[in-house]
Amino acid sequence: VEEPKKLLLQPLVVEIEVGELVSLPLVLFDGSLRVMQNCSLLDITWEIAEGSDAFEFVDEPEGGASSLINHHTGCTNRYLRATKSGRALVRAKLGGLEDDVVIFAFEPLRLLTVPPVVTPGASALITFDGGPAPWHAEPAAYFHSLSSPDSSANDGLRIDPVGVSAATRHSYRVSCLRQGSYQIMITTGNKPTPSNALPVHRQITARYVCDVPDALLIHPPYPTVPSSTNVSSLQKSCLLGDNFPALDSYYSGVWPKLLHVRSEQNAPFQVSAIKRGLIFTNVSSLVVDCSVSNSLARMEPPHTRDSVVDPHEIKTRRVVVVGTVEGNVVVTCQASAWEKSLVSSLPSPPSTSSLTALRNNLDLKILHNAVISPVQLTLHNSPSNQGILHASGGSQQFRLITNDSSVAEVIYGSETSDVVVIPRSSGTVEVTVQDLCLYGSEPITAQLLISDVSELRLRVRDMMAIDEVALMRVEAFDSRGEVFSSDQYKTMTFFQVGEIENIKILEPLDPAKSGYPIR
């Protein structure tokens, strides 16, 4: 039995993925540098000296310590879990002996771009992030690569590194030279070094498809229907948002041919190329021409927008400038040729005969934005009262929103486009109408005041002859000091308090009347 003379931390690996555990074996040596077999009863102190926000000590993992790939046995072990990416300095102490080790945690390796589907001669930017970071002691040992295990990729793909945008984020430009379906593989990690003898590598694969599409589709680039809307109740002419079918549903015969568009605006749309089950991510080698059928709208040249810098975007994103007049316009897009600069040097250039089917239309119905009237309305606060707002124009497929349902109940009648407002309590409320089926529509809002009667005033001549009959008018004022409109008096109740000397009201007080005869 001897006292330990040396303490070492000897983990097999010093890099782990977030969520993983690493085994930290502690080894003790006697004066002759012989390994001590058991130190479980010794008072060894463990601490995360740096990086405690990204790492934590945990108990032995499920399945036992041997279940860890990086497990290595010492005279005692601790286990460290990475909760987020970062660096930890772990230290162990026994009396005057101590040792520390640096552990790095990295995010999982992931592909940031969708699996590419491109036309011959086009390319795709493959970007990935995560995986082991450059090792702090020897950053030159870090590497990343994109390759293909398919032998056909040797003359089918050209792979060019683009540059580094972050420590673990990298991009490659992969160009299609020959039609085919290829597997691409991304590998990243560090090479072995004295301070990282068993580095960790990560690898992911993806499919890269190069083909000729068999259909062009024209559609809005983004949804406008709120996700909470029940679109199943909308008319078939409503072709926005969740009601716009998935691109690959073109073959099922449900692809829409009509789109409602608001007048006096720029209406962007997307031209997508598809082939059964595949949506193309880049068609820059195709020459796509789009036109409109009449003068109610015009096609904006794609190159006029400074914000569009990607050739792929120029090919697929178009803008129709819609005029002020309501009516119908047909947008037609057709792939007419291949870009010679991109396909002429290919081993097997695609033929123009494959483009005959790449043509499609989208009918635009130009409509003015919806309006609501009146835009301001005051209602007497009575549950038997109701006000009517009328929404007109637009697609007539509306969704109502109120900012305070405790003030008024709002009911929309889709057949008449009337909005019925029933008072619940005094206060103000805004009623907003959204057009669910008009592309580029703007919401319209009406402001309502629900008010009790704050003041009554009697209007009558100040002089009259004995036995002469005159008309007395009653004016009711709302909480803002404005006179209620005549149609609001029907839900009010008037009654006389006391007697008026020498004046007699000849008829019962009825708020529905405009005045009362007196003598």
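This report looks at salt bridges in a predicted model.

**Overview**

Side chains of opposite charge can pair when their charged atoms come close. In this model the count comes to 19 salt bridges.

| Pair | Distance (N to O) |
|---|---|
| Arg81 and Glu56 | 3.2 Å |
| Arg110 and Asp129 | 3.6 Å |
| Arg169 and Asp129 | 3.2 Å |

**Arg81 and Glu56**

Arg81 forms a salt bridge with Glu56. The pair links distant parts of the chain, 25 residues apart. Arg81 sits in strand E6 (residues 76-82), and Glu56 in strand E5 (residues 55-58). Arg81 has 29% relative accessibility, so it counts as partly exposed. Glu56 is partly exposed too, because its relative accessible area is 33%.

**Asp129 and its partners**

Asp129 meets Arg110 in a salt bridge. Arg110 belongs to strand E9 (residues 110-111), while Asp129 belongs to strand E11 (residues 123-129). These two residues are 19 residues apart.

Asp129 also meets Arg169 in a salt bridge. Arg169 lies in strand E14 (residues 169-176) and Asp129 in strand E11, so this pair ties together parts that are 40 residues apart in sequence.

Is Asp129 buried or exposed? Its relative accessibility is 10%, so Asp129 counts as buried. Arg110, at 37%, counts as partly exposed. Arg169, at 33%, also counts as partly exposed.

**A network**

Some salt bridges join into a network. Its members are Glu47, Arg91, Lys93, Glu98 and Asp100.

Note on methods
Residues numbered from 1 in each chain as written. Predicted model: local features only at pLDDT ≥ 70, side-chain atom pairs only at ≥ 80, totals over all residues. Heavy atoms only, no water. Salt bridge = Lys/Arg side-chain N within 4 Å of Asp/Glu carboxyl O. Helix = DSSP H or I, 4+ residues; strand = E, 2+ residues; numbered from the N terminus. Buried < 20%, exposed > 50% of the residue type's maximum accessible area, 1.4 Å probe, protein only.
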